[in-house]
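Please look over the sequence and structure first.

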Amino acid sequence: MTLLELRTRWKAIGRSGRKPALKVAVLATFTADPLAPYLGVPLEDAHLPAEVWVGPYHQILQECLNPQSATARYHPDVLVVWARLDELWSGLPLPLVDGAQGYLEQPLAVAEAALDAARLLGATLIFVLPAIPERRPLGVGDSCTARGVFATASRVREALRDRLAGQRGVLLGDAESAVRRVGAGRAYGHATWAVARVPFSEELFCAVGADLARLLGLSRASALKVVVLDADNTLWGGVVGEDGPGQVDLSDSGPGEAFRAFQAYLLELRRAGVLLALASKNRESDVWEVFARREMLLKKEHLAAFRIGYRGKADDIGELARELNVGVDSVAFIDDNPAEIAAVQAAHPAVACLLMPPDPAQWPTLFEATQVLDRLPPTEDDLGRNSFFVQEHQRREFGQTVASPEQYLADLQIEVELQAPASADLARLTQLMAKTNQFNLNGRRRSDAELAAVCGDGRYLLRMARARDRFGDYGVVGAMILDHHQAPGRAVLDTFLMSCRVLGRGVESAMLACACEEAKRAGLEGVLVTVLETPRNEPARLFFGAHGCAPGVATLVTSFPWPSFVARV
Amino acid sequence: MLTSLEEIFALVLGLPATACGDALTKGQVEAWTSLVHLELIAALQESFRVTLTTSEILRLKSVRDARQILRAKGVAL
């Protein structure tokens, strides 16, 4: 689609009268109206239909600080703040003589104001880190001084990142990264700046809009949890069944090196909490023989699960997702064979598929251009996921030595702790809510900001469940919200969800027992449970169904026993 | 890719192409605001692969102006 076609499409979307799900406000130090279509269209394609409103020109501080400002009255769900250093530094001589301090103040003041405004509005903040100004009086000499424009701008950018990264409800975009992609020569619009204070080219707005839409999509969709890999011509060059395990290409020059670079990249993904799995049509012994080769960076123990044989990969992926307790929408599949990709895509439309290109050296360009492998910074829980599967393996082996399922549960020594979340827990809870599809009462999602509002609202009671057993800590695995004021005399179960990796280990029962106790403690008769049918929540429907709660029917649960084999912490 | 000047003006200004003859001027079209003017400039630059100078952007106030500016840049119209 050309840029003109994209802008025309945005106009058509505006005229269609479809209802936006998101209100996005954009505040900038320049005329930012050209951003709207380039943000709106990719959001539309990501099933986040948005309305994009651009605030008054160069009024970020005023708009953020004044509770009666046009921005406040617009009441956005997402606040995009994009300041350029060129404007924030205007009036200051360029840094060459002075220290960096004076150049930090204004940008940091904008960041503070944006943070405050977003919290007050309950909006997600997307702060766009400013691009490094192109006007450098020393020209090529700018790089020779720590007080140059580039050096000072870099300091400001990092100070902004330090202040904002990891803050609840904050996402960071980066104009510099978009300028790099587009190229500084094509990123700016000097004539449009002179005429209308539009500093960037349409191409640059398009690059930034696409990035911001990707970020928002990431923060609201199922996170990537598993990468399922083909083996032949995906992890190494050649076909092990034909070339032999000793002959497939893993050499340190040519295609073999590209495959090894891909393996190194996979190990980085794994370190960031992504599970790696293998789906290969081969003889199993051949595959492991290759994995045992010294040149392989990826080892068998790095794989959380595998399917090797001659069945269809669509079936393999379904099984792997079940084994790893994830929905297929959290799975990416990488294969060099377009036919395999097509078959998997047909069977599992939600699986993100990537084709390993015929020239393996091209994988970085191709994969980075898609958003399939994009991730937000890993939470503690993400980082523990791989060790969880090592522990799970130990649990399974232990299970085989125990006489009965009851004995197994008792011997696991499960402990459950139900607590009100602290503010540091909210990011994990939002993530849990965003990605728990199977054991989920009603599929209700809340953003960071919405969850923080619920926490601070006396009408709601929030509990988060942590669990551990003799083999390790599962971390935060469940959350529930009781609404005390919706139904007289009863607590309404607003949210009840649990990670499937602890399904059947008593945590769900402990949570429901806790809900009933809390209702009683508040002087209420019990908990009103309405389990809704969503496409993937069969486990939740089964659990509640077994306790008399039919789907779609509000059922009063007055008491529920705490499971005897679970210790209460 | 749109190649006719009339089509581009029609698309950006939301008018029928028949209304976008050379005689059409900025003063006649309420929708031709300063932001829409920028959209028009972007559409012309992208469609004819040219870059307009600052003064050309300011001078362009009718379809006829656009035609003259583009012709002067070697665009066959």
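Predicted model: local features only at pLDDT ≥ 70, side-chain atom pairs only at ≥ 80, totals over all residues.

E9 and E10 belong to an open sheet of five strands in chain A. The order is E8-E7-E6-E9-E10, and the pairing is parallel. Strand E8 (303–308) and strand E10 (352–355) of chain A are the edges, each pairing on one side only. From one strand to the next, the twist averages 20°.

Helix H15 (residues 313–323) of chain A also packs on this sheet. H15 touches E6, E7, E8 and strand E9 (331–335) of chain A. The direction of H15 makes about 150° with that of E8(A).

Strand E6 (residues 226–229) and strand E7 (residues 275–280) of chain A run parallel, joined by four bridges. Here A:Val227 has A:Leu276 in E7(A) as its bridge partner.

## The sheet from E1 to E5

Chain A has another open sheet of five strands, ordered E2-E1-E3-E4-E5. Its pairing is parallel. Which strands form the edges? They are strand E2 (50–54) and strand E5 (170–174) of chain A, and each pairs on one side only. The twist averages 20° from one strand to the next.

Five bridges link strand E1 (residues 22–28) and strand E3 (residues 78–82) of chain A in the parallel sense. A:Ala25 is bridged to A:Leu79 in E3(A). Helix H2 (residues 35–45) of chain A packs on the sheet and touches E1, E2 and E3 of chain A. The direction of H2 makes about 165° with that of E2(A).

Definitions and conventions
Residues numbered from 1 in each chain as written. Chains lettered and ligands numbered in written order. Heavy atoms only, no water. Pairing = 2+ DSSP bridges. Helix = DSSP H or I, 4+ residues; strand = E, 2+ residues; numbered from the N terminus. Axes fitted to C-alpha atoms, helices over the stretch in contact; angles between N-to-C directions. Contact = heavy atoms within 4.5 Å.
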